[in-house]
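Hi there,

Here is the structure I promised to pass on to you.

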Amino acid sequence: MKKFTNINDLGGNLPEALKEASEIKKDRFKYAELGRNKTLLMVFFNASLRTRLSTQKAATNLGMNTITLDINQGAWKLETKRNVIMDGDKSEHILEAIPVMGSYCDIIAIRSFAGLENKEEDYTEKILNQFIKYSGRPVISMEAATRHPLQSFADLITIEEYKRTIRPKVVMTWAPHPKALPQAVANSFAEWMNAAGYEFIITHPEGYELDPAFTGNARIEYDHIKALRGADFVYAKNWSAYTDPNYGKVLSTDRKWTVDVRTMGVTNNAYFMHCLPVRRNMIVSDAVIEGPQSLVIPEAANREISAQTVLKRILSNI
Ligand code: CP
């Protein structure tokens with residue numbers, strides 16, 4: 001594997017990737033020599049708790065050294081556009097910064113969220129693609145503008161571990177949030193659920209339709225109670241509007257969409273999932289997230305496994 005920015009980079013064989021992840025989980029230190037004298041550079045344009053810690057832990061399990069750079073804390077402010085007269089507050093151009101970063105590592109991992117101001121710029125993955133083009137290193141997405149594949153892989157591992165039927169009913173429900181959030185986690189989850197072949201339903205208020213390139217053949221249901229009826233897994237997530245002219249806007253904070261005991265009551269005693277961080281009593285009630293069906297902690301723990309599976313595959317190729 002030469003990069004990991006979306007599900008296709010796994011080579012189209014999800015069962016094989018899941019098997020590999022399960023073997024890694026049983027013995028995290030089996031390949032502790034694979035990354036010896038290799039360095040992972042993790043570059044963050046945005047905040048993180050889980051991605052930062054789980055990816056570093058995964059790399060350490062494989063014997064790698066890690067370097068972390070928080071671009072907004074201590075690095076030069078980067079210009080990302082070309083043909084700009086750099087007479088403002090930006091001291092370094094990303095086109096020099098990227099190959100320099102590449103020269104200090106063997107694998108480079110990037111977190112760069114959607115700006116939510118320019119849909120074309122976000123959906124062409126401008127920053128991520130510049131790292132792929134100019135770093136000279138295998139690139140791993142730690143959440144880019146349109147996808148969060150390490151999260152979706154961990155979500156899939158978690159569903160496989162807890163599912164009670166071969167083809168569970170998985171419902172991704174939009175839930176309210178006070179700030180405009182990217183569509184990346186929702187896009188990515190849809191992409192992975194479609195590939196897994198589960199019964200997959202997306203529910204959200206009208207106006208929150210996602211890019212059909214990600215939702216594919218998933219059933220879209222505007223009545224969330226109808227969608228949640230009989231669900232085996234409830235995956236909650238907020239996202240801002242994708243469709244024009246409202247791209248990046250918050251259209252609703254209606255708390256009837258908050259996942260609570262009443263909404264979970266119509267499910268098939270479903271497991272509750274969320275990628276975290278989560279705003280309690282906006283996205284999900286205290287009772288549900290603390291309840292026996294909440295998978296948020298094992299789901300987060302599986303981030304180490306998804307990252308390690310990806311790093312192992314890339315290390316085997318360099
Ligand atoms: N789920 C997730 O990516 O968490 P962080 O933003 O804390 O890394």
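P245 sits in the loop that links β10 and α10 (261–264); helices (H or I, at least four residues) and strands (E, at least two) are DSSP runs, numbered from the N terminus. The peptide bond between D244 and P245 is cis, with omega about 5 degrees. Another cis bond runs from L276 to P277, with omega near 5 degrees, and P277 belongs to the loop between β11 and α11 (286–290). E143, in the loop between β6 and α6, has a positive phi near 110 degrees although this residue is not glycine.

Before you go further, please keep in mind that this is a predicted model, in which local features need pLDDT of at least 70, side-chain atom pairs count only at pLDDT 80 or more, and totals for chains, interfaces and linings use all residues. Residues are numbered from 1 along each chain as its sequence is written, and side-chain values use heavy atoms, with hydrogens and water left out.

To the contact (heavy atoms within 4.5 Å), domain 1 gives 27 residues and domain 2 gives 32 residues.

**The four-stranded sheet**

In which order do the strands of the open four-stranded sheet come? The order is β2-β1-β5-β6, with parallel pairing; two strands pair if DSSP finds at least two bridges between them. β2 and β6 (139–141) are at the edges with a single partner strand each, so one side of each has no neighbour in the sheet. Neighbouring strands are turned by 20 degrees against each other on average, direction ignored. For angles in general here, axes are lines fitted to C-alpha atoms, for helices over the stretch in contact, and the angles run from 0 to 180 degrees between N-to-C directions.

β5 (residues 107–111) runs parallel to β6, joined by three bridges, and A109 is placed opposite I140 of β6. Helix α2 packs on this sheet and touches β1, β2 and β5, its direction making about 175 degrees with that of β1.

β1 (residues 39–44) and β2 (residues 65–70) are paired in parallel over six bridges. M42 has T68 as its bridge partner in β2.

**The five-stranded sheet**

The open sheet of five strands is ordered β9-β8-β7-β10-β11, again with parallel pairing. β9 (219–221) and β11 (271–273) form its edges, and each has a single partner strand, so one side of each lacks a neighbour in the sheet. From one strand to the next, the twist averages 25 degrees. Five bridges pair β7 (residues 169–174) with β10 (residues 233–237) in the parallel sense, and W174 has K237 of β10 as its bridge partner.

**A helix pair**

How far apart are the axes of α1 and α6? Helix α1 (residues 14–26) packs against helix α6 (residues 149–162) with the axes 11 Å apart and at an angle of about 80 degrees. The two helices are therefore roughly perpendicular, since angles under 35 degrees count as roughly parallel, over 145 as roughly antiparallel, 65 to 115 as roughly perpendicular and the rest as oblique. L14, A17, L18, A21 and K25 of α1 meet F153, L156, I157, E160 and E161 of α6. By class, this contact has seven nonpolar, no polar and three charged residues; Ala, Val, Leu, Ile, Met, Phe, Trp, Tyr, Cys and Pro count as nonpolar, Asp, Glu, Lys and Arg as charged, and the others, Gly among them, as polar.
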